[in-house]
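Hi,

Here is the structure I promised to pass on to you.

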Amino acid sequence: MNDTKTSIQGFDPRGFGKRLQNARKAYSITQDEFAERLRVGRNHITRMERGIRVYSIDLLIEISVALKAQQTIF
């Protein structure tokens, strides 16, 4: 049984977190720098990358802008 709760059927928070981490690292951005850009705490970034933190659509848009990425990569 999967212990990760999802709010959207078929959404994989751990997979998203891994893609987020890979994109962040591709730009050589630390979690601290990323958190500052998004105006959230570093722990928030850590939890998102581990797939245990829920994020809003607004934050997803800010993430895509910060990483110069299309939302479809997530």
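**Starting from α4**

The exposed residues Ile-57, Asp-58 and Val-65 sit on the face of α4 that is turned away from its buried side; exposed stands for over 50% relative accessible area, buried for under 20%, and partly exposed for what lies in between (1.4 Å probe, protein chains only).

Before going further, a word on the basis: this is a predicted model, in which local features need pLDDT of at least 70 and side-chain atom pairs count only at pLDDT 80 or more, while totals for chains, interfaces and linings use all residues. Residues are numbered from 1 along each chain as its sequence is written, and side-chain values use heavy atoms, with hydrogens and water left out.

Back to α4, which spans residues 57-66: its buried residues are Leu-59, Leu-60, Ile-63, Ser-64 and Ala-66. Down the helix axis these fall within an arc of 160°, so they line one face of α4 (the arc is taken over the directions from the helix axis to the C-beta atoms). They pack against α1 (13-26), α2 and α3 (42-50), where contact means heavy atoms within 4.5 Å. Just after α4, Lys-68 has a positive phi of about 50°.

**The other helices**

The protein chain has four helices and zero strands; helices (H or I, at least four residues) and strands (E, at least two) are DSSP runs, numbered from the N terminus.

In α3, the buried residues are His-44, Ile-45, Thr-46, Met-48 and Glu-49, and they pack against α1, α2 and α4. Gly-51 follows α3 and has a positive phi, near 80°.

Gln-31 belongs to α2 (residues 31-38). Its side chain makes a polar contact with the side chain of Thr-46 at 3.1 Å. A polar contact is a pair of N or O atoms within 3.5 Å; within protein, one must be able to donate a hydrogen and the other to accept it, and residues adjacent in sequence count only if both atoms are side-chain atoms. Neighbours within four places in sequence aside, Gln-31 is in contact with Arg-24, Arg-42, Ile-45, Thr-46 and Glu-49.

**Whole chain and confidence**

Of the 74 residues in the protein chain, 39% are buried. The mean pLDDT (the predictor's confidence in each residue, from 0 to 100) is 83, and 82% of the residues reach 70 or more. Over residues 1-6 the pLDDT is below 50, and this stretch has seven contacts in the model beyond near neighbours in sequence.

Best wishes
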